[in-house]
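Please look over the sequence and the structure shown here before reading on.

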Amino acid sequence: MGYTLAITKELCKEHEVLSQLAVKFEKQKYKNALLGTESYIVVAQLCVDKKFRGMGFVENMYSFFKEKYYNYQYCVTAVDNKNLRSSSIHKKCGFTKIGEVLIGNSPGEIILWDWHNKD
């Protein structure tokens with residue numbers, strides 16, 4: 001049906017491709033603080049088979065992460081601007097745009113879900 005890869009920011013820095021994103025994440029500000037000084041988990045990849053899209057699997061995976069990784073303040077990832085489906089479902093799950101980033105040669109967004117936000 002699908003899968004997702006969530007890793008710590010420390011492990012993210014050890015991966016050749018993800019380390020480039022990690023540098024951007026660490027320098028990004030959110031609520032007047034550098035993200036690098038905060039506790040967060042990185043979603044490196046999330047995929048759902050086309051036959052199962054729109055059935056709530058993304059929401060369920062992220063709910064599981066929030067429950068499992070409750071000790072982290074934030075969940076952070078990046079989405080290519082051309083991937084409107086991904087952008088839409090992430091917003092539905094509670095993510096907000098906090099910055100911009102190049103993903104390869106494509107412009108994208110750094111998005112964050114504040115797991116401890118009381119709003």
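## Basis and overall form

Contact means that heavy atoms lie within 4.5 Å. Among contacts in the chain between residues at least 6 apart in sequence, those joining residues at least 24 apart make up 66%. The model is a predicted one, in which local features need pLDDT of at least 70 and side-chain atom pairs count only at pLDDT 80 or more, while totals for chains, interfaces and linings use all residues. Residues are numbered from 1 along each chain as its sequence is written, and side-chain values use heavy atoms, with hydrogens and water left out.

The chain contains 4 helices and 7 strands; these are DSSP runs numbered from the N terminus, with helices (H or I) of at least four residues and strands (E) of at least two. Read from the N terminus, the order of elements is β-α-α-β-β-β-α-β-α-β-β. The radius of gyration of the chain is 14 Å, which agrees with the value near 14 Å of a compact globule of 119 residues. That radius is taken over C-alpha atoms, and the globule rule is 2.2 Å times the number of residues to the power 0.38. Along the principal axes, the C-alpha atoms fill a box of roughly 40 × 35 × 25 Å.

## Surface and charge

Of the 119 residues in the chain, 40% are buried. Buried means under 20% relative accessible area, exposed means over 50%, and partly exposed lies in between (1.4 Å probe, protein chains only). The accessible surface of the chain is about 7,600 Å², and carbon and sulfur atoms account for 52% of this surface. Such areas come from the Shrake-Rupley method with a 1.4 Å probe, and for residues only the protein chains shown count as cover.

The chain carries 17 positive and 13 negative charges, whose mean positions are 4 Å apart. Lys and Arg count as positive and Asp and Glu as negative, without His and the chain ends; the place of a charge is NZ of Lys, CZ of Arg, CG of Asp or CD of Glu.

## Aromatic pairs

There are 10 aromatic pairs in the structure. Rings of Phe, Tyr and Trp (its six-membered ring) pair if their centres lie within 6.5 Å; planes under 30 degrees apart are stacked, over 60 edge-to-face, and the rest tilted. Phe52 and Phe57 form an edge-to-face pair, because their ring centres are 6.0 Å apart and their planes stand at 85°. Phe52 is partly exposed, at 27% relative accessible area, and Phe57 is also partly exposed, at 24%.

Tyr62 and Phe65 are likewise edge-to-face, since their planes stand at 70° with the centres 6.2 Å apart. Both residues belong to helix α3 (residues 57-68), 3 residues apart, or about one turn of the helix, and both are buried. Ring pairs join Tyr62 and Phe65 with Phe64, Tyr69, Tyr72, Phe95, Trp113 and Trp115 in a cluster.

Ile89 lies in helix α4 (residues 84-93). Beyond its neighbours within four places in sequence, Ile89 is in contact with Val58 and Glu59. From Ile89 to Gly54, the C-alpha separation is 9.1 Å, across 35 residues of sequence.

Most residues other than glycine have a negative phi. Lys31, in the loop between β2 (29-30) and β3 (33-34), has a positive phi near 50°. Asn32 is in the loop between β2 and β3 and has a positive phi near 60°. Lys31 is exposed at 52% relative accessibility, as is Asn32 at 78%.
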